[in-house]
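Welcome, and thanks for taking a look at this one. Please keep the structure open beside you as you read.

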Amino acid sequence: MKSFAAAVAGLFFVFSASAAEVSMAVPGAKDVGGRSVLTFIAKDPPGQRCNGNLQVAAEIANTYRVPIQLLPSSLAPGLPAPAVFYGSQLIVADGKDFNGAASYQIIADVLDMESVPKQGKSGLLFNDTVRKDFDALKASIKAGGK
């Protein structure tokens, strides 16, 4: 029984340490209404992964009613770039989870778990005609503009 209690206590400290590691002081993490802000931090000058993250921000804005801010790393000193935060909760970051490369599904999963409301009607990025052009743009970004 003592070893079980020690194991549970050990797990508690491990999870506490990881939770502290993924909660960071993000500038503007809450809006004036107290809602968590989805923050995308990009490298200065922008890199490929940062541009891809900005495309994900556009997709999220087409689906969710969430405040979004895009920050260059110079306005977020001490934070990894590229990175995405919801409030002060780290979602992806360079050298950490997903190495800074966000996807629509990764962020949508977090927003769904946080019960973030959706737009009444999806934006144009999910229209079939616009989507083809948008996907071609994302492919070009991943290929380095080639």
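## Overall picture

Of the 146 residues in the protein chain, 34% are buried, where buried means under 20% relative accessible area, exposed means over 50% and partly exposed lies in between (1.4 Å probe, protein chains only). This is a predicted model, in which local features need pLDDT of at least 70 and side-chain atom pairs count only at pLDDT 80 or more, while totals for chains, interfaces and linings use all residues. Residues are numbered from 1 along each chain as its sequence is written, and side-chain values use heavy atoms, with hydrogens and water left out.

The chain holds four helices and four strands, taken as DSSP runs numbered from the N terminus (helices: H or I, at least four residues; strands: E, at least two). Along the sequence they follow the pattern α-β-α-β-β-β-α-α. With contact defined as heavy atoms within 4.5 Å, 70% of the contacts between residues at least 6 apart in sequence join residues at least 24 apart.

## The sheet

The four strands make an open sheet, ordered β2-β1-β3-β4, with mixed pairing; two strands pair if DSSP finds at least two bridges between them. Strands β2 and β4 (89-93) are at the edges with a single partner strand each, so one side of each has no neighbour in the sheet. On average, neighbouring strands are turned by 20° against each other, direction ignored. Helix α3 (residues 104-113) packs on this sheet and touches β1, β3 and β4, its direction making about 170° with that of β4. Axes here are lines fitted to C-alpha atoms, for helices over the stretch in contact, and angles run from 0 to 180 degrees between N-to-C directions.

How many residues of strand β1 (residues 38-42) are buried? Five of its five are. L38, F40 and A42 point one way from β1, while T39 and I41 point the other way. In a regular strand, side chains alternate between the two faces of the sheet.

With strand β2 (residues 68-72), β1 pairs in the parallel sense over five bridges, and A42 has P72 as its bridge partner there. Strand β3 (residues 83-86) runs antiparallel to β1 and is joined to it by four bridges; in β3, Y86 is the bridge partner of L38.

## A closer look at Q55

Q55 belongs to helix α2 (residues 48-63). Is Q55 buried or exposed? Q55 is buried, as its relative accessible area is 16%. Beyond its neighbours within four places in sequence, Q55 contacts F134, L137, K138 and I141.
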